[in-house]
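Please keep the sequence and the structure in view while reading.

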There are 2 protein chains.
Amino acid sequence: MDAIDLNLVDLLRGNARLSYAELARQVGLSAPAVHERVGKLESGGVIRAYRAEVEPETIGLGVTALIGIVEDSEADTDDVLEAFRVMPEIESCYFMAGVESFLLKARVGTIAELEQLIVRLNRTPGVASTRTGIALSTKWENRPQPVAPPTA
Amino acid sequence: MDAIDLNLVDLLRGNARLSYAELARQVGLSAPAVHERVGKLESGGVIRAYRAEVEPETIGLGVTALIGIVEDSEADTDDVLEAFRVMPEIESCYFMAGVESFLLKARVGTIAELEQLIVRLNRTPGVASTRTGIALSTKWENRPQPVAPPTA
DNA sequence: TACAGTCCGTGGACGCCATCGACCTCAACC
DNA sequence: GGTTGAGGTCGATGGCGTCCACGGACTGTA
């Protein structure tokens, strides 16, 4: 994990569809060398996936909500997690410090669907209460911050 | 934006580095047809970017925090937004309904850096108070939910 | 110093892919 | 019925991904 690797990570976080040839030009190596480095970053768990980032409204997911979850005293945290995992609307799930054990980011098409989701969450065993905040707009999301040292 | 487009979007959300030839096979069109469709999805604002998803800890961003922001009564929301925008640690920014106008997701390397970020946030004009929650672990993040109708 | 092993790179070769242009098909509309 | 436009296929070509053989730098050992 040297400076070139960090550089490759930054480049791919900016545009995951860059060709190996282009990456090679940017970092000053040959294409096979870059190919091998990126392969190691993938198999070493640094690069988890390559994803297209989509404007949610355009695919019918216009409602974004952030939901805090308080567990009840008998809750089995693993079971609660599994219950969340099978709900596809829950795009992100953080285990938090504080009264609320989880913070979920969910996306649905309509407020009615959000209502149904919240009902389902409140019904899942181990969940004592939920607190939902609605995002009126997403200013930006998952903006990658550069990590590579500036190339001198 | 028909079923094939939704299918392409799902495929690219799952793996942004799929070749056009492979996409073509999956949706049952020719490669040039897929090339044109994807190009229109990009220029039409449906596909915003292609990003490599990285394990944050491996690139020195081990601390994740979610920060609620309360604006003061004289705040200019646009100015506050711009102040947030130039802070690279703030990866996501939602404008929320409720007492807290914004919810930020920030990632930094250490708790000390988080402390500095919070101080900076509290000092920015228009910000009345902040409330920070620390994510002990990220169970998952930005999991794409399928949107295409199941191919019969 | 000499030597062997390892790591990490380069260069060449080959087949697949991206991409362009020409053409086809179908539906909508005068 | 002819025209137009959208959106598809097909074929060609140049570049790219990927495999392989090879080479130089570094390290530990005799």
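## Reading exposure in this model

A residue is called buried when its relative accessible area is under 20%, exposed when that value is over 50%, and partly exposed in between. The structure shown is a predicted model, and the values below were computed from it. Arg37(A), with a relative accessible area of 23%, is therefore partly exposed, and Asp2(A), with 32%, is partly exposed as well.

The side chains of Arg37(A) and Asp2(A) meet in a salt bridge, with 2.9 Å from N to O.

## The interface between the chains

How many residues of chain A are in contact with chain B? There are 60 of them, and they meet 60 residues of chain B. The size of an interface is often given as the accessible area lost when the parts come together. Here chain A and chain B bury about 6000 Å² between them, and 52% of that area is on carbon and sulfur atoms. On the side of chain A, the residues that lose the most area to chain B are Arg17(A), Arg51(A) and Trp140(A), which together account for 14% of what that side buries.

Across this interface the rule finds 55 residue pairs in polar contact, counting pairs in which both residues have pLDDT of 80 or more. Several elements of chain A each supply at least two residues to the side that touches chain B, among them helix H1 (3–14), helix H4 (77–85) and strand E2 (63–71). The largest share, 9 residues, comes from E5(A). Sorted by class, the side of chain A that touches chain B has 34 nonpolar, 11 polar and 15 charged residues.

## Strands that pair across the chains

E1(A) and strand E1 (residues 47–54) of chain B run antiparallel and are joined by 7 bridges. Within this pairing, Tyr50(A) stands opposite Ala52(B) in E1(B). E1(A) is also mostly covered, because 6 of its 8 residues are buried, that is, under 20% relative accessible area.

A further pairing, again in the antiparallel sense, joins E3(A) to strand E5 (residues 127–140) of chain B over 4 bridges. In E5(B), Ala135(B) is the bridge partner of Met96(A).

## Salt bridges between and within the chains

Over all chains the rule counts 28 salt bridges, and it finds 6 across the interface of chain A and chain B. One salt bridge joins Arg48(B) to Glu55(A), with the closest N and O atoms 3.3 Å apart.

Within chain A, Arg107(A) forms a salt bridge with Glu91(A), and the closest N and O atoms are 3.3 Å apart. Because Arg107(A) lies in strand E4 of chain A and Glu91(A) in strand E3 of chain A, the pair ties together parts that are 16 residues apart in sequence. Both Arg107(A) and Glu91(A) are buried.

In chain B, Glu91(B) forms a salt bridge with Lys105(B), the closest N and O atoms being 3.8 Å apart. Glu91(B) lies in strand E3 (residues 90–96) of chain B and Lys105(B) in strand E4 (residues 102–108) of chain B, so this pair ties together parts that are 14 residues apart in sequence. Glu91(B) counts as buried at 6% relative accessibility, and Lys105(B) counts as buried at 3%.

Leaving aside residues up to four places away in sequence, Glu100(A) touches Gly68(A), Ile69(A), Val70(A) and Arg131(A), and a polar contact of 2.6 Å joins the side chains of Glu100(A) and Arg131(A).

In chain B, Gly98(B) is found in the loop between E3 and E4, and with a relative accessible area of 59% Gly98(B) is exposed. Gly98(B) and Val70(B) are 28 residues apart in sequence, while their C-alpha atoms are 9.3 Å apart in space.

Technical notes:
Residues are numbered from 1 along each chain as its sequence is written. Chains are lettered from A and ligands numbered from 1 in the order in which they are written. This is a predicted model: local features need pLDDT of at least 70, side-chain atom pairs count only at pLDDT 80 or more; totals for chains, interfaces and linings use all residues. Side-chain values use heavy atoms; hydrogens and water are left out. Contact means heavy atoms within 4.5 Å. Buried area is the accessible area (1.4 Å probe) that two parts lose on being put together, summed over both. A salt bridge is a side-chain nitrogen of Lys or Arg within 4 Å of a carboxyl oxygen of Asp or Glu. A polar contact is a pair of N or O atoms within 3.5 Å; within protein, one must be able to donate a hydrogen and the other to accept it, and residues adjacent in sequence count only if both atoms are side-chain atoms. Ala, Val, Leu, Ile, Met, Phe, Trp, Tyr, Cys and Pro count as nonpolar, Asp, Glu, Lys and Arg as charged, and the others, Gly among them, as polar. Two strands pair if DSSP finds at least two bridges between them. Buried means under 20% relative accessible area, exposed over 50%, partly exposed in between (1.4 Å probe, protein chains only).
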